[in-house]
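Reader: I would like to learn how to read a model of this kind, feature by feature. Could we take each general idea and then turn to the case at hand?

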Amino acid sequence: MTLVSKMTAIMSYALITGASSGIGEAFARNFAAKKKPLLLIGRNEGKLRSLAEELHNKEGIDVRILAIDLARSKELPFLPSKLQQMGITVDVLINNAGFGKYGKDMDISYEDDLNMVNLNCRALLALTKLFLPDMLRAKKGAIINIASILGFFPLPKMATYSATKSFVVSYTEALAKEYKDSGVKFLCSCPGFVDTPFHERAGSKRFDSINYETTERIVEETLAALKSNKTMAIVGKQKFWDKIALSILPRWLFIELMS
Ligand SMILES: NC(=O)c1ccc[n+]([C@@H]2O[C@H](COP(=O)([O-])OP(=O)(O)OC[C@H]3O[C@@H](n4cnc5c(N)ncnc54)[C@H](OP(=O)(O)O)[C@@H]3O)[C@@H](O)[C@H]2O)c1
């Protein structure tokens, strides 16, 4: 676990997982522009470091980085106490890190599938359990979990991925209800197709017919939903049609059309 510090401070930070790329990087830029101190997590230490330096130089905020493999690390339970020693509290947790693999189940290795479950579900669950208690004690804070439109139905050739996102949808909505009056906000954000390296990493081709959303717009819509105290938000330019399709099409037809 490499934790890089830029200055000593006792402040509340936004912890963003998967901040080295795509939607997570856009969250980091958005929060930095609002002068929010940041803790950025990902595996690619070089990318995290250069983003942290850029945001620190541009916005004058404290940005720490933590290079860690969230799918495999056994050190997560020690993170809150380590941060406490450094005078860091976390009042915004964005569980964004995630990946998918495209293909029939037998063409995806067990290791890839297990890592997907470990990152998309286990790490999200672990970080929530680790940071929620302090937020509840303080009676304030926010947890934003990035799911996907695929959290609402099983997508053939992305079986494990869509199952992991169903977990995120279900878990977040239940917690939002359990802690409704706690002062801590919960939001499950469900993007459709977004223009990030996600698809290439998943081994999926780029679809010319799809209008991929920008990461900036996903972040803006997610934060607007949080501000209006929503607990579930379908975000992105397709959201109108996504919502209509999800509400009026029978499940079997929806799966057929998306396959
Ligand atoms: N793009 C889309 O169309 C889309 C649609 C719906 C939902 N989403 C969701 O949005 C979230 C962000 O994805 P994205 O589109 O921004 O993809 P991305 O650009 O590939 O970003 C994924 C991030 O997760 C990090 N990550 C991956 N494996 C990790 C691990 N084992 N430990 C720690 N960090 C890890 C990556 O950083 P390192 O490589 O440095 O580890 C990267 O910063 C994901 O949860 C994804 O499922 C994406």
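**Reading the model residue by residue**

Author: Let us begin with a single position, bearing in mind that this is a predicted model: alanine 159 lies in helix α5, which covers residues 159–178.

Reader: Where is alanine 52, and which residues does alanine 52 touch?

Author: Alanine 52 sits in helix α2, residues 45–59, and it is buried, since 23 other C-beta atoms lie within 10 Å. Once residues up to four places away in sequence are set aside, alanine 52 touches Leu40, Val63 and Ile65. The C-alpha atoms of alanine 52 and valine 63 are separated by 5.5 Å, although these residues are 11 apart along the chain.

Reader: Which residues does leucine 40 touch?

Author: With the same exclusion of residues up to four places away in sequence, leucine 40 touches Ile16, Ala19, Ala28, Leu48, Leu51, Ala52, Val63 and Ile65. In the largest nonpolar core, which has 63 residues, Leu40 is among those that touch the most other members, together with Ile16, Ala28, Leu38 and Ile41. The largest share of this core comes from helix α4, residues 110–138, which gives 7 residues.

Reader: How should I read a helix such as α1, and which of its residues are buried?

Author: The general idea is that an α-helix has 3.6 residues a turn, so residues three or four places apart point the same way. In this model α1 is mostly covered, with 9 of its 12 residues buried, namely Gly22, Ile23, Gly24, Glu25, Ala26, Phe27, Ala28, Phe31 and Ala32. The length of α1 can be checked as well: at 1.5 Å a residue its 12 residues should span 16 Å, and the end C-alpha atoms are 17 Å apart, which agrees.

Reader: Which residues come nearest to the ligand?

Author: Of the 27 residues around the ligand, Gly18, Gly22, Arg43, Asn44 and Gly98 come nearest. The elements giving two or more residues to this shell are α1 (22–33) and α6 (198–202), and α1 gives the most, with 3 residues.

Reader: What is the value of phi at lysine 35, and where is lysine 35 placed?

Author: Most residues other than glycine have a negative phi, and most peptide bonds are trans. Lysine 35, which follows α1, has a positive phi, near 65 degrees, and its place is in the loop between α1 and β3 (38–42). Lysine 35 is exposed, because 10 other C-beta atoms lie within 10 Å.

Reader: What is the phi of asparagine 229, and is asparagine 229 buried or exposed?

Author: The phi of asparagine 229 is positive, near 60 degrees, and this residue is found in the loop between α7 (215–227) and β8 (232–235). Asparagine 229 is exposed, since it has 9 other C-beta atoms within 10 Å.

How values were computed:
Residues are numbered from 1 along each chain as its sequence is written. This is a predicted model: local features need pLDDT of at least 70, side-chain atom pairs count only at pLDDT 80 or more; totals for chains, interfaces and linings use all residues. A residue is near a molecule or strand if its C-beta atom, placed from the backbone, lies within 6 Å of it. Helices (H or I, at least four residues) and strands (E, at least two) are DSSP runs, numbered from the N terminus. The expected span of a helix is 1.5 Å times one less than its number of residues. A residue is buried if 20 or more other C-beta atoms lie within 10 Å of its own, exposed if 12 or fewer, and partly exposed in between; C-beta atoms are placed from the backbone. A nonpolar core is a set of buried Ala, Val, Leu, Ile, Met, Phe, Trp, Tyr and Cys residues joined through C-beta atoms within 7 Å. Two residues are in contact if their C-beta atoms, placed from the backbone, lie within 7 Å.
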